[in-house]
Every structure is written in C-alpha cells, then in structure tokens.
Amino acid sequence: MATPTSPRIAVIIAAAGSGERLGGDIPKPWRLLNGQSLVERAWRSFCPASLHVERIVLAVDAGYLPAALEFASTSLVPLHAVAGGATRTASVRNALREIPDSIEIIAVHDAARPFWPVEIWDNLINTALRIGGSVPAVAVSDTLKRVQGSSLETVDRAGLWAVQTPQVFRADLLRRAHEAGQREGIDATDDAELVRRIGSATEVVPSTAANFKITTAADWALAEQLAGLGEAPMPMRIGFGYDAHRLGGPGPLMLGGVRFADSGGLIGHSDGDALLHALCDALLGAAALRDIGHHFPPDDPRLKGCDSRELVRETVRLLRDAGFAPAQADATVLAERPRLAPHITAMCTTIAADLGIDPGCVSVKATTTEGMGFVGRGEGIAAQVVATILPIRQGAPQ
Ligand code: CTP
Ligand code: MG
C-alpha cells in the first residue's frame with residue numbers, strides 16, 4: 001500500500017445516471033445490492049485508510065442530494081456531494097469543482113461497478129504518478145465480430161482491452177482534459193478518452209472481469225449472486241479434542257480405527273481408541289454439541305466394547321442434524337510404543353472414510369514424550385485432535 005509520502009488523492013463517484021437500460025423505479029445508483037445502495041458501496045470502498053483518500057465527491061441526481069449528504073456524517077473520509085449533469089462527462093466535471101487545487105491525484109469511479117479490485121489501487125496510483133493516467137482493464141478474450149445483418153466479420157482483437165473504473169489521473173491533466181472536452185463539446189463515455197484527446201498518456205493496469213459495470217437486468221442478477229457470496233462467507237468452525245487411555249487391556253490395540261495385531265490394548269469402555277475419541281470431541285466441540293461422554297455415556301451397555309468407528313459415524317450424523325459437515329482433521333498421537341509410522345496412511349484413510357471427506361484432509365502425526373510422564377513410562381496413550389467443520393450449504397450435495 002501507499003507509503004507515508006503518498007500523493008494527495010481525491011475520488012469522484014459518478015452516480016447521477018438513471019440506469020435506463022437496467023430499468024426499474026429507483027435510479028440505478030440507489031438500488032440496494034444485498035441491502036446497500038450502489039452509491040454507498042462505491043464511496044465506502046474508498047474509505048480504508050490504506051488507500052490514503054482524503055476527499056470523496058459524489059455526483060448524484062439533484063433529487064438525491066439530501067440522501068447523499070446524509071452519508072457525510074458516517075464517512076471516515078470527508079464526503080461531498082454535487083448534482084450531476086445530463087451526461088457522465090458533465091457529472092464528473094461538476095464534481096471536479098469540489099476538489100481543491102492541493103489534490104494531486106484524482107480517481108474517477110462509476111457507482112455501477114461494485115466489485116473493483118482494491119489490490120490494484122497502488123498500481124493505479126503509481127502508474128498515474130509516473131505517466132499521467134491509468135485505467136483498470138481486461139484484455140478482450142472473446143472472438144469479436146462486426147455484425148451487419150447475417151454477415152459476421154471477425155475483428156482482430158489484438159490490442160483490444162475492456163476498460164473499467166476507477167480511472168486515475170494527475171489532477172492537472174484531468175482538469176485540462178475536461179476543460180478541453182467542454183470547449184469542444186466532447187461527450188466521452190470515460191475520462192481516459194478526454195485525457196487522450198489532449199495528447200496525454202494513460203496506461204492500462206490489469207484488472208479482473210468481476211469489475212464489470214452493472215448495465216442490464218442480467219448484470220444485476222449476477223451482481224446479487226456475487227454480493228451474496230462476498231457477504232456471507234462460510235463460517236468455518238474449529239474444535240479441539242483430547243483423550244487418553246491406560247494400556248494393559250487384552251488387546252489388540254485400536255488406534256485411528258486401525259488394529260495393531262501384536263500390541264496390548266488400551267483399557268476403555270469401548271475399544272479404547274483414544275485417537276477416535278479425541279476426534280469425536282473435536283468435531284462435537286466445533287459444533288458446540290457438548291462432548292463424547294454426553295452423547296455416549298460410559299454406563300450405556302450398548303457401547304461396551306463397541307467399535308469406536310461407530311462413534312465417529314454417529315458423531316458425523318449429530319453434526320449433520322445440527323447443519324454441519326466435517327471439513328478437515330489434524331491429530332497427534334502421544335505414544336512411546338508401538339511405532340505408528342507404518343500405519344499412519346491406513347489411519348488417515350479410515351478416518352476420512354468415516355468423516356466422508358478426502359484422505360488429503362486428514363492428518364495423523366505421532367510423537368513419543370521422550371520417557372516423560374505417563375506416556376513416557378508406557379502407562380498409556382493420549383491423542384489430541386483439531387478439526388474444522390463447515391455449515392452445510394442448502395441445496396449442496398451432501
Ligand atoms: N452517470 C452519471 N451522470 C450521468 C450519466 C451516468 O454520473 N448523467 C454515471 C452512472 O450513474 C454510472 C456511470 O456514470 O455510475 C456509468 O454510466 P452507465 O452505466 O451508463 O449508467 P446510466 O447512464 O445510469 O445507465 P443507462 O445508460 O443505462 O441509462
Ligand atoms: Mg449511460
């Protein structure tokens with residue numbers, strides 16, 4: 001992001017259009033996208049301190065000036081509003097009058113582009129400082145045709161870019177470009193064209209297709225989908241589980257659902273699989289569903305000597321009833337013996353199968369405690385598990 005020597009930057013938001021092609025009763029900039037108007041989204045997107053913007057000027061339909069001025073009290077960056085003009089160019093020109101001469105760099109942005117990629121900001125600013133102007137753009141990748149009736153002629157797309165906003169210019173150049181444009185009666189669809197007409201250079205900064213301009217009803221539908229994704233991130237949850245069992249059972253040892261044929265077993269109510277019990281606790285903990293003892297009480301006769309894999313599968317069902325699915329698990333087994341390394345893959349595969357996830361999302365690690373403590377003395381085996389779970393998306397395959 002910009003350094004303390006950052007230039008003095010102002011932003012103009014062009015938001016005075018009616019959105020004829022989109023239609024509807026409310027002018028496009030004032031339509032709510034996931035609860036927030038396009039114009040509000042636009043100015044708020046320039047407020048983060050890291051962007052170093054010191055003034056924002058909104059050009060809005062005169063009837064919406066009071067609404068725009070209401071924003072000023074909640075904005076961290078000083079916010080001004082002016083009445084727009086009959087064309088986009090005229091709206092930007094009106095906003096330019098609200099920008100003091102001390103401003104060195106001006107960015108002009110369309111309220112109709114709610115998804116501009118903020119990560120290109122420094123590049124836009126630095127390019128404008130270096131050569132005068134910069135525009136976000138995407139190289140055209142479709143085959144282009146000039147259509148005349150049923151004659152479709154391919155147009156060479158080499159060097160063709162779809163240009164977006166925010167467009168960034170040295171303030172003096174943008175002012176001169178607009179003055180010249182007004183003198184000559186030019187109405188351009190963007191500011192880079194006016195700047196080009198005064199013979200000044202502008203460079204392209206690679207952007208993303210997501211920075212499209214909402215123009216039609218289909219664009220609006222796509223924007224609603226994208227806004228929904230952006231504002232409702234899947235709330236991943238994390239749980240931790242720990243279990244330890246005493247060695248000395250008849251065996252064989254069960255760990256991670258895998259049978260260790262020539263090792264003595266763990267003493268436990270079920271098969272004593274400390275790793276799977278820690279896993280169940282991690283999953284239940286992530287969903288805030290109490291613990292393994294709550295769901296599978298030790299005095300329940302049905303559980304005597306049972307296969308702990310059953311407990312894991314039942315835990316997954318409890319999770320699903322609560323609207324969650326396991327996503328990933330990472331385990332550490334603390335054991336002086338037996339050597340677990342040869343069995344790690346089998347444990348991961350078994351656990352993944354019971355959780356219904358990819359084996360690549362399960363990790364089992366093993367460590368000794370170098371002779372220390374109950375593990376070191378060979379009295380027992382302990383396991384710790386961290387698991388993540390995700391809400392089940394409605395309509396998603398499960
Ligand atoms: N704009 C403006 N003043 C105008 C016309 C347009 O500030 N007199 C703004 C729009 O609000 C929009 C941006 O310029 O944020 C790009 O214009 P466009 O997408 O064409 O919006 P509209 O002109 O509102 O839409 P339409 O052309 O379909 O009427
Ligand atoms: Mg228009």
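**Ligand site, pockets and cavity**

In this predicted model, a polar side-chain atom of lysine 213 lies 2.7 Å from an oxygen atom of ligand 1. Taken alone, ligand 1 exposes 560 Å², and the protein buries 87% of that area. Two further polar approaches were found. The side chain of arginine 21 places an N or O atom 2.8 Å from an oxygen atom of ligand 1. Glycine 17 contributes through its backbone, with an N or O atom 2.9 Å from an oxygen atom of the ligand.

The shell around ligand 1 holds 19 residues. Ala14, Gly19, Glu20, Ser91 and Lys213 are the closest of them. By class, the shell has seven nonpolar, six polar and six charged residues. Strand S1, residues 9–15, supplies at least two of the shell residues. Helix H3, residues 88–96, likewise supplies at least two.

Ligand 1 takes up the space of the largest pocket. The volume of this pocket is about 790 Å³. S1 and H3 are the elements that give two or more residues to its lining. H3 provides the largest share, three residues. In total, 31 residues line the largest pocket. Arg21, Lys28, Arg88, Asp110 and Lys213 lie nearest its centre. The lining divides into 10 nonpolar, 12 polar and nine charged residues.

Three elements each supply at least two lining residues: strand S13 (237–249), H8 and H9. The largest share, three residues, comes from S13. Seven nonpolar, six polar and two charged residues make up the lining of this second pocket.

Rolling a probe the size of a water molecule over the atoms shows where empty space is left. The count comes to one cavity of 30 Å³ or more. About 30 Å³ of space lies in the largest cavity. Its lining consists of Leu275, Leu279, Ala329, Ala331, Ile351, Val362, Ser363, Val364 and Val385. Eight of these residues are nonpolar, one is polar and none is charged. Helix H8 (274–286), strand S17 (324–334) and strand S18 (362–367) each contribute at least two residues to the lining. S18 gives the most, with three residues.

Several backbone features lie in loops. The peptide bond from threonine 165 to proline 166 is cis, with omega near 10 degrees. Proline 166 belongs to the loop between strand S10 (161–163) and strand S11 (167–170). A cis peptide bond also joins arginine 337 and proline 338, where omega is about -5 degrees. Proline 338 is found in the loop between S17 and helix H11, residues 344–355.

Arginine 290 has a phi near 65 degrees, a positive value in a residue other than glycine. This arginine lies in the loop between H8 and helix H9 (292–295).

Technical notes
Residues numbered from 1 in each chain as written. Chains lettered and ligands numbered in written order. Predicted model: local features only at pLDDT ≥ 70, side-chain atom pairs only at ≥ 80, totals over all residues. Heavy atoms only, no water. Near = heavy atom within 4 Å. Polar contact = N/O pair within 3.5 Å; in protein donor to acceptor, adjacent residues only side chain to side chain. Areas by Shrake-Rupley, 256 points an atom, 1.4 Å probe, with all protein chains shown as cover. 1 Å grid on protein atoms, 1.4 Å probe; cavity = no way out; pocket = protein on both sides within 12 Å on 5 of 7 lines; lining within 4 Å. Sits in = over half its atoms within 2 Å of the grid points. Helix = DSSP H or I, 4+ residues; strand = E, 2+ residues; numbered from the N terminus. Nonpolar A, V, L, I, M, F, W, Y, C, P; charged D, E, K, R; others polar. Points joined across faces, edges and corners; volume = space filled by probe spheres on them.
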